[in-house]
Amino acid sequence: MPALPAHPAHDELRRRWEAAVTAARATDGGPPVPEGAPDPARYADDLLARWAEPQRRYHTTDHLVAVLDRVDELERYADDPALVRLAAWFHDAVYLPDRSTNEERSARLAERALPELGVGRAGTAEVARLVRLTLTHDPADDDRNGAALCDADLAVLAAGPEAYAAYAAAVREEYGFVPDDDFRAGRSAVLRQLLGLPRLFRTPHGAREWEERARQNLATELELLTAGG
């Protein structure tokens, strides 16, 4: 099979990855990077290949770029922005829509890769914790790193009407193997769970800029799903 063409942002993403790795190495005094250590760019290429897998429709490289951009927007709220950025890279690195273990497997991938790149034990553990947190998107009130990552990941919920419709359609495509009635029931349950949360966004910026619009989008999608049942 011929290789897929590189994403237009591929080179810039490699640069952003290497910058995040370099910054993360210093967060907890990680061990010196040994001579002959793997080139971080190789790991970026591996991750980007994962994000470009054919089963993905929403959880694609475009989603990675969007989350990284939102992390940049929210970095002032995080205690360790470099670790939050690495968690963004890994949070859907393993993604099979018919599996419930994606977050756990993605976290384990981070736990294997980051020590090889010279990220210390505490930094690696924090990245893995953040990746696992994206299963629930429910950070503790004092979890500044978790709030930044979860808000960045959920920011799509506050997109404009056309972009939100495209997001919802891409999610449906990822679950194309699920019959319509079952998908409507499952997706409706997810939307009701989100709408039932006291707040979707935990950072001040997210609460101020995204909360109201996200709730409107979720309610509209739920109404459409219910009407189509």
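Helices (H or I, at least four residues) and strands (E, at least two) are taken here as DSSP runs, numbered from the N terminus. The structure above is a predicted model, in which local features need pLDDT of at least 70 and side-chain atom pairs count only at pLDDT 80 or more, while totals for chains, interfaces and linings use all residues. Residues are numbered from 1 along each chain as its sequence is written, and side-chain values use heavy atoms, with hydrogens and water left out.

I begin with the pockets. On a 1 Å grid over the protein atoms alone, a pocket is an open set of points with protein on both sides within 12 Å along at least five of seven lines, where a 1.4 Å probe fits; lining residues have an atom within 4 Å of a point. Points are joined across faces, edges and corners, and a volume is the space filled by probe spheres set on them.

The second largest pocket holds about 280 Å³. Its lining comprises 17 residues, and Tyr58, Asp62, His63, Ala66 and Val156 lie nearest the centre. Helix 3 (61-74), helix 7 and helix 8 each give two or more residues to this lining, and helix 3 provides the largest share, five residues.

The largest pocket has a volume of about 840 Å³. Among its 31 lining residues, His59, Glu103, His137, Tyr175 and Val190 are the closest to the centre. Two or more residues each come from helix 5 (102-116), helix 7 (144-154), helix 8 (161-174) and helix 9 (180-195). Helix 9 makes the largest contribution, with seven residues. By class, this lining has 15 nonpolar, ten polar and six charged residues, where Ala, Val, Leu, Ile, Met, Phe, Trp, Tyr, Cys and Pro count as nonpolar, Asp, Glu, Lys and Arg as charged, and the others, Gly among them, as polar.

Helix 8 lines both pockets, and I turn to it now. Which residues of helix 8 are buried? With buried meaning under 20% relative accessible area, exposed over 50% and partly exposed in between (1.4 Å probe, protein chains only), they are Tyr164, Tyr167, Ala168, Ala170, Val171 and Glu174. These residues lie on the same side of helix 8, because they cover an arc of only 160° around the axis, taken from the directions from the helix axis to the C-beta atoms. On the other side, Pro161, Glu162 and Glu173 are exposed.

Finally, threonine 101 sits in the loop between helix 4 (81-90) and helix 5. Threonine 101 is partly exposed, at a relative accessible area of 37%.
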